[in-house]
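Please summarise the fold, the surface and the charged side chains of the chain shown here. A short report in running text is enough.

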Amino acid sequence: MLVTASWFGASSHAFATRSGRIDLVDGRAVKALLREHLGIEALPVRMPPRT
C-alpha cells in the first residue's frame with residue numbers, strides 16, 4: 001500500500017496495476033477514510049481531477 005496526501009499520476013496507476021500487489025491511496029481516499037473511521041473532517045486539499 002502506498003499512501004500520499006496528494007495524488008498519483010497515470011504512470012503510478014499503470015505501475016500499480018501491472019504489479020498487482022500495490023494499492024494506491026490518494027489524498028481524497030485518505031480524507032474519506034479519516035471521516036469514515038475516525039469521524040475527522042480533514043482540511044480540504046486542492047486536488048487535480050482524477051483521470
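The report below goes from the whole chain to single residues.

**Overall layout**

The model is predicted. The chain holds two helices and two strands, and read from the N terminus its elements follow the order β-α-β-α. The C-alpha trace extends over about 35 × 20 × 15 Å along its principal axes. Of the 51 residues in the chain, 12% are buried. The accessible surface amounts to about 4300 Å², and carbon and sulfur atoms account for 59% of that area. Among contacts between residues at least 6 apart in sequence, 21% link residues that are at least 24 apart.

**Charged side chains**

The chain carries 7 positive and 4 negative side chains. The centres of these two sets are 8 Å apart. Side chains of opposite charge can pair when their charged atoms come close. In this chain the count is one salt bridge. The partners are Glu-41 and Arg-35, with an N to O distance of 2.9 Å. Because its relative accessibility is 54%, and the cut-off for exposed is over 50%, Glu-41 counts as exposed. Arg-35, at 41%, counts as partly exposed.

**Asp-26 and Leu-38**

Asp-26 sits in the loop that runs between strand E2 (24-25) and H2. Is Asp-26 buried or exposed? Asp-26 is buried, because its relative accessibility of 12% falls under the 20% limit. Apart from neighbours within four places in sequence, Asp-26 is in contact with Thr-4, Ser-6, Trp-7, Phe-8 and Arg-50.

Leu-38 belongs to helix H2, which covers residues 27-38. Leu-38 has a relative accessible area of 58% and is therefore exposed. How far apart in space are Leu-38 and Arg-50, C-alpha to C-alpha? The distance is 25 Å, for a separation of 12 residues in sequence. Arg-50 is also one of the residues in contact with Asp-26.

**Accessibility of the residues discussed**

| Residue | Relative accessibility | Class |
|---|---|---|
| Asp-26 | 12% | buried |
| Arg-35 | 41% | partly exposed |
| Leu-38 | 58% | exposed |
| Glu-41 | 54% | exposed |

Terms used:
Residues numbered from 1 in each chain as written. Predicted model: local features only at pLDDT ≥ 70, side-chain atom pairs only at ≥ 80, totals over all residues. Heavy atoms only, no water. Helix = DSSP H or I, 4+ residues; strand = E, 2+ residues; numbered from the N terminus. Buried < 20%, exposed > 50% of the residue type's maximum accessible area, 1.4 Å probe, protein only. Contact = heavy atoms within 4.5 Å. Areas by Shrake-Rupley, 256 points an atom, 1.4 Å probe, with all protein chains shown as cover. Lys, Arg positive; Asp, Glu negative; His and termini not counted. Charge placed at Lys NZ, Arg CZ, Asp CG, Glu CD. Salt bridge = Lys/Arg side-chain N within 4 Å of Asp/Glu carboxyl O.
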